[in-house]
Amino acid sequence: MKHTLALVVGFMLLAVPALAAGVDGTWSSMLDATMGPVPIAFEFRAEGDKLTGTMLGMDGTKIPLANGKVEGDKISYSVNIDAGGMPLELICKGVLAGAEIKIDMEVFGMPFSMVVKKAN
């Protein structure tokens, strides 16, 4: 019984890095904005339980992720944007499901969700 339990725990521990590695790559979507559809893209890289990467800004610049974490199939991070001289922090949490990540964001205390799909 102890050996079986040890094997199960071992496989579970091996699965966590595999899920985290599944987030690596480029992810994209289109956001419906008042001015029309806006492309959005992320580059994610899991390094153990740390998530690094960038978000592609509306002007095409890459904005680094901050406070990135990976916990199994869940990710979280923040993005700090300069909105015309006013600092704006996007707080994001996502759930990886195959080739999609459902991301819940909070902007000015208002929540919204989007789904990004793996581009590579």
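Modeller: Happy to. The side chains of S78 and N67 make a polar contact at 3.0 Å; by that I mean a pair of N or O atoms within 3.5 Å, where, within protein, one must be able to donate a hydrogen and the other to accept it, and residues adjacent in sequence count only if both atoms are side-chain atoms. This is a predicted model, in which local features need pLDDT of at least 70 and side-chain atom pairs count only at pLDDT 80 or more, while totals for chains, interfaces and linings use all residues. Residues are numbered from 1 along each chain as its sequence is written, and side-chain values use heavy atoms, leaving out hydrogens and water.

Let's take the two partners in turn. S78 sits in strand 5, residues 74-83, and N67 in strand 4, residues 62-71; strands (E, at least two residues) and helices (H or I, at least four) are DSSP runs, numbered from the N terminus. S78 is buried, with a relative accessible area of 4%, whereas N67 is exposed at 58%. Here buried means under 20% relative accessible area, exposed over 50%, and partly exposed in between, using a 1.4 Å probe and protein chains only.

Leaving aside residues up to four places away in sequence, S78 touches P64, L65, A66, N67, E89 and L90, a contact being heavy atoms within 4.5 Å. N67 has another feature to look at: its phi is near 55°, a positive value in a residue other than glycine. Most residues other than glycine have a negative phi.

Strands 3 and 4 form a hairpin with 5 residues between them, and G60 in the turn has a positive phi of about 90°.

Strand 3 (residues 50-56) is also joined to strand 2 (residues 36-47), by 6 bridges, and these two run antiparallel. There, E43 has T54 in strand 3 as its bridge partner. This hairpin has 2 residues between its strands, with G48 in the turn at a positive phi of about 70°.

As for the setting, the protein chain has 1 helix and 8 strands, and buried residues make up 31% of its 120 residues.

Conventions: Pairing = 2+ DSSP bridges.
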